[in-house]
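Please describe the local backbone features, the helix packing and the ligand surroundings of the model shown here, with the cut-offs behind each term.

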Amino acid sequence: MAQKDAKVQDLSQESVMFMKRYSAFAVAREAARYHSGWERAWRSPMPKKSYDVIIVGAGGHGLATAYYLGKNHGITNVAVIEKGWLGGGNTGRNTTIIRSNYLQDPSAAIFEKARSLYETMSQDLNYNVMFSPRGVMMLAQTQSEIRGYLRTAQANALQGVKTEFITPARVKELCPIIELSGPRYPVLGALWQERGGTARHDAVAWGYARACSDMGMDIIQQCEVTGVDQADGQVTGVKTTKGDIACKKLGVVVAGHSGVLADMAGFRLPVESIALQALVSEPIKPCMDVVIMANTVHGYLSQSDKGEMVIGGGTDGFNNYTQRGSFHHAEETVRALVETFPMLSRLKMLRQWGGIVDMTGDRSPILSSTPLGGCFINCGWGTGGFKSIPGSGWGMAELMAKGSSPLTDAFGLNRFAEGRFIDESVAAGVAH
Amino acid sequence: MLILDCPYCGTSADETELSPGGEAHIKRYGPGSSDTDFEGYLFGRENPKGVHFERWRHANGCGKWFHAARCTMTLEVFGTYAAQTFEPPQEIKDKISAKRPGWSWRDFS
Ligand SMILES: Cc1cc2nc3c(=O)[nH]c(=O)nc-3n(C[C@H](O)[C@H](O)[C@H](O)COP(=O)(O)OP(=O)(O)OC[C@H]3O[C@@H](n4cnc5c(N)ncnc54)[C@H](O)[C@@H]3O)c2cc1C
Ligand SMILES: [Zn+2]
């Protein structure tokens with residue numbers, strides 16, 4: 001066993017030095033030799049005794065934080081510790097909607113930073129994340145939604161985020177399968193962000209993991225953090241199922257498990273963990289090339305590259321760590337969407353699953369230092385944090401390296417004590 | 001589907017009949033309290049992975065508020081009890097102790 005491990009270690013060291021780039025040439029070369037030469041995308045080392053920085057949670061946000069610590073701040077003595085498999089949390093369970101049409105300035109800044117980084121992510125990471133800026137449309141189906149979205153469109157104009165409020169006729173032009181006339185909720189218009197879209201969720205996690213590993217960082221999977229060590233109010237390391245590991249700084253990026261980690265570190269969070277679910281239909285021919293969100297009836301829809309209709313709905317109303325949602329929510333979502341997209345009624349649903357999302361009171365995330373010195377937290381992305389992964393990683397890395405970042409300063413934990421909320425209940429009141 | 005027995009009308013009510021009311025036994029702080037206490041009351045939550053106490057309303061039934069003791073990790077229900085109490089009844093605490101020895105939640109155990 002020990003020998004086997006040593007061998008794995010050796011192989012992994014080798015690949016640090018000779019990480020091959022993906023290219024058209026590489027595909028052709030591998031095609032010619034029966035794809036025998038592809039190497040592992042990242043190493044799977046055993047943990048070292050200590051690191052400068054430990055990130056707990058290898059979801060998109062944790063991996064992006066590690067990546068930008070290395071890329072922007074030259075900090076590469078980093079471990080990312082994951083209790084399951086990387087990308088297996090919400091990152092690999094989400095419906096991948098990417099947009100930045102939020103109301104408040106701090107949100108627009110971090111979400112638009114993220115969206116713009118998605119535009120070049122495949123090139124930056126040398127990994128195809130299949131970013132597809134196909135356009136995102138948020139339907140207005142009540143008068144108050146019209147007012148809300150007109151306000152958002154104007155806020156976006158001031159923030160330099162390109163969105164527009166469009167007419168029902170334009171909605172129909174962009175999405176022919178939509179039923180505009182109701183019966184319960186007619187389509188009265190929509191907030192349209194042309195450069196919003198989707199990306200391949202796993203690829204985002206895998207691409208960052210590969211790039212982190214390439215910089216010499218250790219991604220340690222199947223290793224659960226079970227305790228946070230501290231001395232004199234400073235973090236000194238973590239206890240894990242693979243032993244104690246020391247660190248100078250700790251980044252907690254565990255979404256639904258933030259409360260559990262905060263408990264280990266000795267503080268409380270204004271966060272509740274609840275289940276959000278999604279489902280996909282059988283694959284069908286291309287019928288919809290935009291993303292549509294219908295917040296009044298609680299449903300959103302896009303078509304995957306495989307042809308499946310990807311559907312997301314509302315959250316449960318109670319605390320839950322089981323990664324499965326209540327059946328009646330899936331039922332409500334489908335019922336609502338069938339009303340707006342009658343052709344869906346003939347589709348069979350193939351799979352349904354849930355993720356545990358971390359909800360804050362103002363529906364905005366927390367990127368912050370904590371009462372424990374050297375310990376930082378990135379959480380509260382709730383139902384909408386896939387779209388923000390690169391921006392969040394960028395800001396979190398700067399926060400951890402320098403103690404402050406223009407992207408994250410407004411999202412500190414202290415905003416709850418100070419009553420300085422970043423209210424995004426219009427933009428994020430429904431799952432997305 | 002989550003099923004809770006309403007301690008008032010006795011109905012075994014499924015989730016669609018109930019509306020969730022969040023964490024139970026929260027101590028309210030008002031004017032004159034410290035900022036930390038007030039913040040804790042408004043926003044601080046236990047959010048435990050395991051034993052939890054919550055408020056629920058039998059909304060599409062008798063309309064009354066009540067308490068439930070539940071496990072957020074397995075969705076197991078330990079019991080429900082009346083709303084007019086600051087603490088879960090001993091009988092429910094004993095039930096939890098039988099199934100989750102050594103449990104604790106805020107000051108209860
Ligand atoms: C059904 C669904 C649909 C969604 N749709 C969208 C959408 O369309 N658009 C959008 O922008 N967002 C969406 N989201 C939200 C988005 O998925 C999340 O906000 C985002 O993925 C969070 O990423 P993360 O890296 O913070 O968390 P995660 O990806 O959950 O990663 C956290 C990791 O921490 C690990 N971890 C936890 N505890 C420990 C421990 N003790 N030790 C070690 N590791 C630990 C977990 O195993 C997990 O892998 C959706 C979410 C769900 C559930
Ligand atoms: Zn009742």
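B:Asn47 is placed in the loop between α1 (35-42) and β4 (51-57) of chain B, where helices (H or I, at least four residues) and strands (E, at least two) are DSSP runs, numbered from the N terminus. The residue has a positive phi of about 45° although it is not a glycine, and B:Asn47 counts as buried because 26 C-beta neighbours lie inside 10 Å; a residue is buried if 20 or more other C-beta atoms lie within 10 Å of its own, exposed if 12 or fewer, and partly exposed in between, with C-beta atoms placed from the backbone.

This is a predicted model, in which local features need pLDDT of at least 70 and side-chain atom pairs count only at pLDDT 80 or more, while totals for chains, interfaces and linings use all residues. Residues are numbered from 1 along each chain as its sequence is written, and chains are lettered from A and ligands numbered from 1 in the order in which they are written. The model scores ipTM 0.94 and pTM 0.94, and chain B averages a pLDDT (the predictor's confidence in each residue, from 0 to 100) of 95, with 100% of the residues at 70 or above.

Elsewhere in chain A, the peptide bond from A:Gly182 to A:Pro183 is cis, with omega near 10°, and A:Pro183 belongs to the loop between α7 (168-174) and β6 (189-193) of that chain.

In chain A, the axes of helix α4 (residues 105-119) and helix α11 (residues 389-402) come within 6 Å and cross at roughly 115°, the axes being lines fitted to C-alpha atoms over the stretch in contact, with angles from 0 to 180 degrees between N-to-C directions. That makes α4(A) roughly perpendicular to α11(A), a term for angles of 65 to 115 degrees, whereas those under 35 count as roughly parallel, those over 145 as roughly antiparallel and the rest as oblique.

Around ligand 1 there are 39 residues, of which A:Gly57, A:Gly59, A:Gly89, A:Gly355 and A:Gly385 come nearest; a residue is near a molecule if its C-beta atom, placed from the backbone, lies within 6 Å of it. At least two residues of this shell are supplied by each of α3 (60-73), β12 (271-283) and β16 (349-360) of chain A.
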